[in-house]
Amino acid sequence: MSLRLLRGPFMALILAIAVGLAGRWWWSTRTPAGPTNVVLITLDTLRADRLGAYGYAGASSPHLDALSRAGARFDDAVSSAPITGPAHAGILTGRYPARFGVRDNASTPLPESAVTLAEMLRNNGYDTGGFIGAFVLDRPYGFAQGFQTFDGFTRVDSGSEANAERQGQTVVDAAVAWLTARPADTPFFLWVHLYDPHTPYAPPDPYATTFADRPYDGEVAYTDAQVGRLLEAVRARDGGRSIVMALADHGESLGDHNESDHGVFLYEPVIRIPWIVAGPGVQAGTVIKEQVRSIDLVPTVLRATGLAIPPGLDGVNLSPLLRGEARTAPPMAYAESYYPRLHYGWSELRAVRADGWKVIDAPRPELYNLVEDPGETRNLYETQRPLADRMIAEAVRVDQEFTREFTAGASGDAGRAGGPVQPDEETLRRLRSLGYVGTQAPVLPAGERGPDPKDRIVAQKQFESQMSDAIRDLRERRTASAIEKFRRLTTVNNRSYDLHQFLGEAYQTLGQLPQALGEFEYAALLNSRATAPLLSAAEVHIGMGNLEGARKRRDEAAAIAPGSFDVSVVSGRLLESEGRFEESLAAYEQAVRVNGANPRPRMLLVGVASRLQRYDLAAEQLRALLAMGYQPSRTQFALGRLAHLRGRLDEAAQHYREALRLEPGLAMAAEGLRQTGRD
Ligand SMILES: [Zn+2]
């Protein structure tokens, strides 16, 4: 039976049976009548040992601590990746993120083919609402799948996406408003993502003052207060029928192992996460010592709601543990970090954690006994070679399985989907002309791992600080100075993907298109999973009038992220350059559908719609831009021009006047007003 048929009265009946019984099937103790709601709270960058519930004396986390006392706490929970996007992909699908090719933030989106918890619950009659605090979890990256209401960013300009953040208060306000407005007679799934503990550590007052010397703890305290507000609203609405899961996506190094934040290493401060479960039938004060993984969340929630667990998940149902049972053989946990390879040209890292042991597969491998040495200070690799090598072989096998699975499912050439890409002759020529090829191969050859991240992390601090300095120059239009600084950094690490991407952007700003192209193509070689350098190269090709070159790069990007926001924008530009305006319009509309928060495709759409004399469409987009607060005086002027073109002189004059009110010196608006004869 198709899921479409499972709607309406028939669906309601099925639900009443399935969900009503579930309460009794699941945790054995008394369960309030009615269906089980699901509340998922993901706490970004929240290190387990910084919560009171996990033993931190300096904590100010009363709400999460109380939730833990009222329910169960997993004492040994681990993430699948040390960065937000991949870690959340694992939490929301119950599968390891690498199976989908999700190995970096804001890069390969979680594909449509992935089935998320929101989709599973939605297909079974749940109301679904998602509320997020970081742009890397917004619509363009696939995390809105299955949510009827998805509350992300309303305005993000190109170039600022990666760092865009919404404060916890804003996210929780929106979630509470949704909870309050929704009908009481259907079960709901609510996902709230709080990004605040992520860098920069800058909590609002009073937390800034109270925690002046411990700003990270201040962010945790602020986040906890927001959790408190949210839980209060849930309790007021749900009659005690919600299962609440609060967990971190990953932790934070806070200087341990020489890492300041997270993203490179797989040590415990980042991989071990807090995870608290409360709800009907969960025994108060339960502490579960067994190793569990955040990929176990989906099957556990499905079991709690009485729904079938689909085949093919990597995670397993943890409800026996919540009932107080133990497992004979808890499954191993796998985690990986591809960030160092994709961004710095260093080796990727893989970890396997099982039976109190943890191996890190690095060029210089590491083995730790987590029971005796939870701080991972004594590398036992040399003394325990057989065990370590068995665990490393398992890590490599798992990685290869994921990579193979993803590569087989990906459209386009296998090189882009999986391993390193080899430069063509033209690209090599361009790189040589920039002075790059000769001393060092541009990319790590297949099978070569590159430097061990732990050998580079200390020097990297200085590199990052110089990068930030150069990026600031670029953003503040000191472009020549930025280029000089970026070029100097290529002599320190020529395999930094971000460095070449920014350098390309700098050359592009100055109109030095061949140089820009060389940098973008170099960046594309360094990071075969990123669409940004391919699409930047395509835009430069368009600027140079080389539409064939543009099409080639656009196609390569489309093979990585078909239908994505960025691919749609560049497709629109390419089609527009080819004079295929109707198709160009459709591409921009697709981009607006994927991410209405970015003004760029709306502006491009206004241009093409005007050219096609689709004035209503153009006006609709301009009004949307106004509502987003995008360049109000210019947008008012454009609305005036549009009305003017249609012979609506009163309306035109009104917009011109508004434009002049907002920007008194705006000559084109004054001229427009004069032409209407209404000045
Ligand atoms: Zn995160």
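Which residue in strand 10 does glutamate 336 stand opposite? Select glutamate 336 and look across to strand 10: the residue there is arginine 350.

This is a predicted model, in which local features need pLDDT of at least 70, side-chain atom pairs count only at pLDDT 80 or more, and totals for chains, interfaces and linings use all residues. Residues are numbered from 1 along each chain as its sequence is written.

**The sheet**

Select residues 349-354, which form strand 10, together with strand 9. These two pair in the antiparallel sense over five bridges (strands pair if DSSP finds at least two bridges between them). Now extend the selection to the open sheet of four strands, whose order is 9-10-11-12 with antiparallel pairing. Its edges are strand 9 (333-337) and strand 12 (366-369), each pairing on one side only. On average, neighbouring strands of this sheet are turned by 15° against each other, direction ignored (axes are lines fitted to C-alpha atoms, and angles run from 0 to 180 degrees between N-to-C directions).

**Helix 23**

Next select residues 599-611, which are helix 23. Helices (H or I, at least four residues) and strands (E, at least two) are DSSP runs, numbered from the N terminus. Helix 23 has 13 residues and reaches 19 Å from its first C-alpha to its last, close to the 18 Å expected at 1.5 Å a residue (the expected span is 1.5 Å times one less than the number of residues).

Among its buried residues are Pro599, Arg600, Leu604, Leu605 and Val608; buried means that 20 or more other C-beta atoms, placed from the backbone, lie within 10 Å of the residue's own. Show helix 21 (565-577), helix 22 (581-594), helix 24 (615-627) and helix 25 (632-645) as well: the buried residues of helix 23 pack against them. Just after helix 23, glutamine 613 takes a positive phi of about 60°.

**The core**

Move to Ala175, Val192 and Ala246, the residues with the most contacts inside the largest nonpolar core, which has 186 residues. Such a core is a set of buried Ala, Val, Leu, Ile, Met, Phe, Trp, Tyr and Cys residues joined through C-beta atoms within 7 Å. Around alanine 246, select Ile41, Leu43, Leu64, Leu67, Val227 and Ile276, which alanine 246 touches, not counting residues up to four places away in sequence (contact means C-beta atoms, placed from the backbone, within 7 Å).

**The whole chain**

Finally, zoom out. The protein chain contains 27 helices and twelve strands, and 52% of its 679 residues are buried. Its C-alpha atoms fill a box of roughly 80 × 65 × 55 Å, taken along the principal axes.

Notes. Buried ≥ 20, exposed ≤ 12 C-beta atoms within 10 Å, placed from the backbone. Contact = placed C-beta atoms within 7 Å.
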